[in-house]
Amino acid sequence: MAAERGEKIGQSIGLRTRFDTRVSGATQVEVVTEGVLTRMLLTDPGLSGYGTVIFDEFHERSIHADTALAFVRETTDALRDDLRVIIMSATFDAASLATRLQTDVTVTAQAPLHPVEIRYQPPLPGLTVDQAVVPTVTELLKRPADQTGDILVFMAGAGAINRAERDLVRKVGNDIAITALHGSLPPEAQDQALQLDPNGRRKVILSTPIAETSVTIDGVRTVVDTGRRRRPEIDHGRGMSRLRTTTASQAACDQRAGRAGRQGPGVCIRLWSAGEH
């Protein structure tokens, strides 16, 4: 948002995360993590100085988002009847949610939609879904009918991405640009993954669900989805949190498929069967 306004982060567009805060007196929009929003509500239940709270991509659901929404509703009921609350997603049942939240205000925004062909392609016997990524992408790169646009691959975590990136580089060489996209990469590397290859090469972007929503990656026409994601959970035996690889929701898979149709007709290959879906 800041880049589109020709600004640096911290001017009219600011951010708050656990380890980074960049806001100023000129900031009008703050992008915060759900955990930080919950902490802000505990510190200042009235959210002094804020006029609107937007819950974006609400279909993803998390304990922090649900808790923050409960706190915000308490704030609007008891302290701030002027506080606006907006809940957004492209893949949830807005009418049903509006009924549960006891509001009759629903806004629908239409955007151009391009057709996306869904193909179900379970891994061959003996291969895990992560192991199926490299042969699937390699085969796609060989097919004349699919030799248009870049390929976006959704995987669960950085470890699986790094292994797939190493194997793909060995198989396809330098004719194809292989890039990774996950939260532990520096911002410059993430920006590079979101842009067209400067040398005009076709790209394969190996990404965590970080690319599932919000951003449009230029040139992507094909999505390969492993249907997996990593979620934090509490290990009560050790008394600490850990990341566990789980199956993504249907709403998340719909979001991922939509990445192939943002700029034109596309294809989404799901590495599971229609019955599993």
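The following dialogue discusses selected features of a predicted model.

Colleague: Which kinds of side chains can pair, and how many salt bridges does a search of the whole structure find?

Modeller: Side chains of opposite charge can pair when their charged atoms come close. In this predicted model, a search of the whole structure finds nine salt bridges. Among them is the contact between D82 and R80, with an N to O distance of 2.8 Å.

Colleague: Is R80 buried or exposed?

Modeller: R80 is buried, because its relative accessible area is 14% and the cut-off for buried is under 20%.

Colleague: What are the accessibilities of the two partners in the salt bridge of D20 and R22?

Modeller: The side chains of D20 and R22 meet at 3.1 Å, N to O. D20 counts as partly exposed at 27% relative accessibility, and R22 is partly exposed at 37%.

Colleague: Where is T246 found, and which residues does T246 touch?

Modeller: T246 lies in strand β12, which spans residues 240-247. Leaving aside residues up to four places away in sequence, T246 touches G227, R228, R229 and R231. T246 counts as buried, because its relative accessibility is 13%.

Colleague: Which residues make a nonpolar surface patch?

Modeller: M1, V29 and V31 make a nonpolar surface patch of about 260 Å². M1 belongs to the segment before β1 (13-16) and counts as exposed, at 57% relative accessibility.

How values were computed: Residues are numbered from 1 along each chain as its sequence is written. This is a predicted model: local features need pLDDT of at least 70, side-chain atom pairs count only at pLDDT 80 or more; totals for chains, interfaces and linings use all residues. Side-chain values use heavy atoms; hydrogens and water are left out. Helices (H or I, at least four residues) and strands (E, at least two) are DSSP runs, numbered from the N terminus. Buried means under 20% relative accessible area, exposed over 50%, partly exposed in between (1.4 Å probe, protein chains only). Contact means heavy atoms within 4.5 Å. Patches are made of residues with over 30% relative accessible area and no salt bridge: like charges are joined within 9 Å, nonpolar side chains (Val, Leu, Ile, Met, Phe, Trp, Tyr) within 5 Å. Accessible areas come from the Shrake-Rupley method with a 1.4 Å probe; for residues, only the protein chains shown count as cover. A salt bridge is a side-chain nitrogen of Lys or Arg within 4 Å of a carboxyl oxygen of Asp or Glu.
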